[in-house]
Number of protein chains: 2
Amino acid sequence: MKLSDGIEQALHCATLLASLPNGGLLSAKAMADFHGVSPSYLLKHLQALSKADLLHTEPGPRGGYRLARAPDQITLLDVVLAVEGPEPAFRCKEIRQNGPNPLPASHFKAPCQINAAMLRAERAYRTELCAVTLADLLADLAAADDGSIAARGCAFFDEHMRRSKPDPTPTT
Amino acid sequence: MKLSDGIEQALHCATLLASLPNGGLLSAKAMADFHGVSPSYLLKHLQALSKADLLHTEPGPRGGYRLARAPDQITLLDVVLAVEGPEPAFRCKEIRQNGPNPLPASHFKAPCQINAAMLRAERAYRTELCAVTLADLLADLAAADDGSIAARGCAFFDEHMRRSKPDPTPTT
DNA sequence: GAATCGTGGATGATATTTATCCGTGAATTG
DNA sequence: CAATTCACGGATAAATATCATCCACGATTC
């Protein structure tokens, strides 16, 4: 059982976008540079998040990605399912019925208890992920540090962050 | 995220062995036939279970595998970890620190909240698996059906089941 | 009309699954 | 008591699925 690296990238990008002021955009390339990961691979996962309606995309030269919903309306589970797919990790192949000497059919009326137990565990996993939103992560970050990432005014964001609406901000 | 098929095979074999009368043995080939799976692949996982001290192996012409402990002393988590390895599915690569314009070091004093949340979910998963023993599975089976698998006296078991000793003494 | 960005499919790399071979240990047999 | 047979143990290699990367296309802005 191994989770793909794309999960970590997608989660960090989502958190990053959540930390931007409302309407803030970042291009895929900017996020790839910021995290030091392959742009092509990141693109793939950003597209998955877009298709899952978690991100909204703004095309064109001043385009980029922004959250499609408020940070407290996006859970970690949303992101994980968008990238990894909705299927459970454990797929019961019903090998108990494969044998050359099958057991009486009455034995299989009941669902496979092994499958049931594995899916129960997986549901606990998802429940835990569903309980955490992007907003929660930002709050924890703000508690440990004293401000959101973007609020610190890194040169990186001054350079790459954009706004979805043409907002003529006075240059200071 | 996909769990290997070997997990299902290992779990079913463990449950099968647990359903045998005390001291009952089955060869790897017999279990592979019974489940209709590749013997070589199953062998690999049975060996993993042996190394994890979940199964005990009896060599020789009348040999095979039996449980190393009582069914209520083996949890699903034991089996899953023996096959999949102990490492968590989510490995934080700390990509937040990779960027060309690193954030101030104070930002990284706190552990990555994303990593923490993912590991918390994984712990919930394992806790759930740890709560179920092979004995629990047999009990559920007995409730749905009216007897354990082996107790039904299938021809298959009459043919392949063996006993480790003429005087089976349950080990602790 | 040219440059920039997101979209989608095609390609190579890596991990997983499957299959095969030979070595070791134990019980049966003569 | 030694040769034979059966079953596990471990290494190796081919086939397959998945992961990661790259390249061409259409859309949008300046």
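Modeller: A crossing counts as left-handed if the near helix is turned anticlockwise from the far one by less than a right angle, and as right-handed if clockwise. The model is predicted, with local features needing pLDDT of at least 70 and side-chain atom pairs pLDDT 80 or more, while totals for chains, interfaces and linings use all residues. Residues are numbered from 1 along each chain, chains are lettered from A and ligands numbered from 1 in the order written, and side-chain values use heavy atoms without hydrogens or water.

Colleague: Thanks! In which sense does α2(B) pass α3(B)?

Modeller: Helices here are DSSP runs (H or I, at least four residues), numbered from the N terminus. Helix α2 (residues 28-35) of chain B packs against α3(B) with the axes 9 Å apart. The crossing of α2(B) past α3(B) is right-handed.

Colleague: And which residues of α2(B) make the contact?

Modeller: Contact means heavy atoms within 4.5 Å. On the α3(B) side, B:Pro39, B:Leu42, B:Leu43 and B:Leu46 take part. From α2(B) come B:Ala28, B:Met31 and B:Ala32.

Colleague: How far is the phosphate oxygen of DNA strand D from the polar backbone atom of B:Ala28?

Modeller: B:Ala28 is among the closest of the 21 residues that surround DNA strand D; a residue is near a strand if one of its heavy atoms lies within 4 Å of it. A polar contact here is a pair of N or O atoms within 3.5 Å. For B:Ala28 and the phosphate oxygen, the distance is 2.8 Å.

Technical notes: Polar contact = N/O pair within 3.5 Å; in protein donor to acceptor, adjacent residues only side chain to side chain. Axes fitted to C-alpha atoms, helices over the stretch in contact; angles between N-to-C directions. Helix = DSSP H or I, 4+ residues; strand = E, 2+ residues; numbered from the N terminus.
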